[in-house]
Amino acid sequence: MTTQTSMLHVRMDTAMKQEATAALAAMGLTASQAVRLLFHRIAVDQAFPLELKVPNARTREAMAEVDEMVKKRSARFASADEAFAELEEAGGQ
């Protein structure tokens with residue numbers, strides 16, 4: 001009895017794919033085998049096999065700030081010195 005199969009197409013950054021493929025090869029796995037293994041664990045455990053967390057309020061604020069900076073094409077600090085100064089000030093609190 002043969003099992004029916006289907007294709008899964010995934011888009012990702014080329015450099016990430018190359019790095020991951022090399023790491024998998026060192027483990028003796030192909031990318032296809034790794035994806036099948038991932039899906040197998042998800043199906044068997046009914047859970048994602050990595051710990052995923054919902055970002056807390058502070059992290060969500062930081063993510064929103066970065067999104068806004070990207071949208072406006074502006075930085076929060078005019079220089080690295082300003083950034084380090086704020087970090088030092090915050091560290092003293």
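Okay, let's start with a list: the second largest pocket is lined by R58, E61, A62, E65, V66, M69, R76, F77, A83, E86, L87 and A90. What we're looking at is a predicted model, where local features need pLDDT of at least 70, side-chain atom pairs count only at pLDDT 80 or more, and totals for chains, interfaces and linings use all residues. Residues are numbered from 1 along each chain as its sequence is written, and side-chain values use heavy atoms, with hydrogens and water left out.

What do I mean by a pocket? On a 1 Å grid over the protein atoms alone, a pocket is an open set of points with protein on both sides within 12 Å along at least five of seven lines, and a lining residue has an atom within 4 Å of a point. A volume is the space filled by probe spheres set on the points, which are joined across faces, edges and corners.

Back to that second largest pocket, then. It holds about 290 Å³ of space. Helix 3 (57–72) and helix 4 (80–91) each give at least two residues to its lining, and helix 3 has the largest share, with six. Helices here are DSSP runs (H or I, at least four residues), numbered from the N terminus. By class, the lining has seven nonpolar, no polar and five charged residues. For those classes, Ala, Val, Leu, Ile, Met, Phe, Trp, Tyr, Cys and Pro are nonpolar, Asp, Glu, Lys and Arg are charged, and the others, Gly among them, are polar.

Now the largest pocket. How much space lies in it? About 880 Å³. It has 23 lining residues, and the closest to its centre are L8, V10, A31, S32 and V35. The elements giving two or more residues to that lining are helix 1 (14–26) and helix 2 (31–45), with helix 2 supplying the largest share, seven residues. Its classes come out as 12 nonpolar, seven polar and four charged.

Let's stay with helix 1 for a moment. It has 13 residues and runs 18 Å from first C-alpha to last, close to the 18 Å expected at 1.5 Å a residue. That expected span is 1.5 Å times one less than the number of residues. Buried means under 20% relative accessible area, exposed means over 50%, and partly exposed is in between, using a 1.4 Å probe and protein chains only. At the start of helix 1, a side-chain oxygen of D13 comes to within 3.0 Å of the backbone nitrogen of A15. After the helix comes G28, with a positive phi near 85 degrees.

Speaking of phi, most residues other than glycine have a negative one. Q46, though, has a positive phi, near 55 degrees. Q46 sits in the loop between helix 2 and helix 3 and is exposed, at 67% relative accessible area. Its side chain reaches the backbone oxygen of A43 at 2.9 Å. R73 also has a positive phi, near 55 degrees. R73 is in the loop between helix 3 and helix 4, and is exposed at 79%.

Last thing: confidence. pLDDT is the predictor's confidence in each residue, from 0 to 100. The chain's mean is 91, and 97% of its residues reach 70 or more.

Key. 1 Å grid on protein atoms, 1.4 Å probe; cavity = no way out; pocket = protein on both sides within 12 Å on 5 of 7 lines; lining within 4 Å. Polar contact = N/O pair within 3.5 Å; in protein donor to acceptor, adjacent residues only side chain to side chain.
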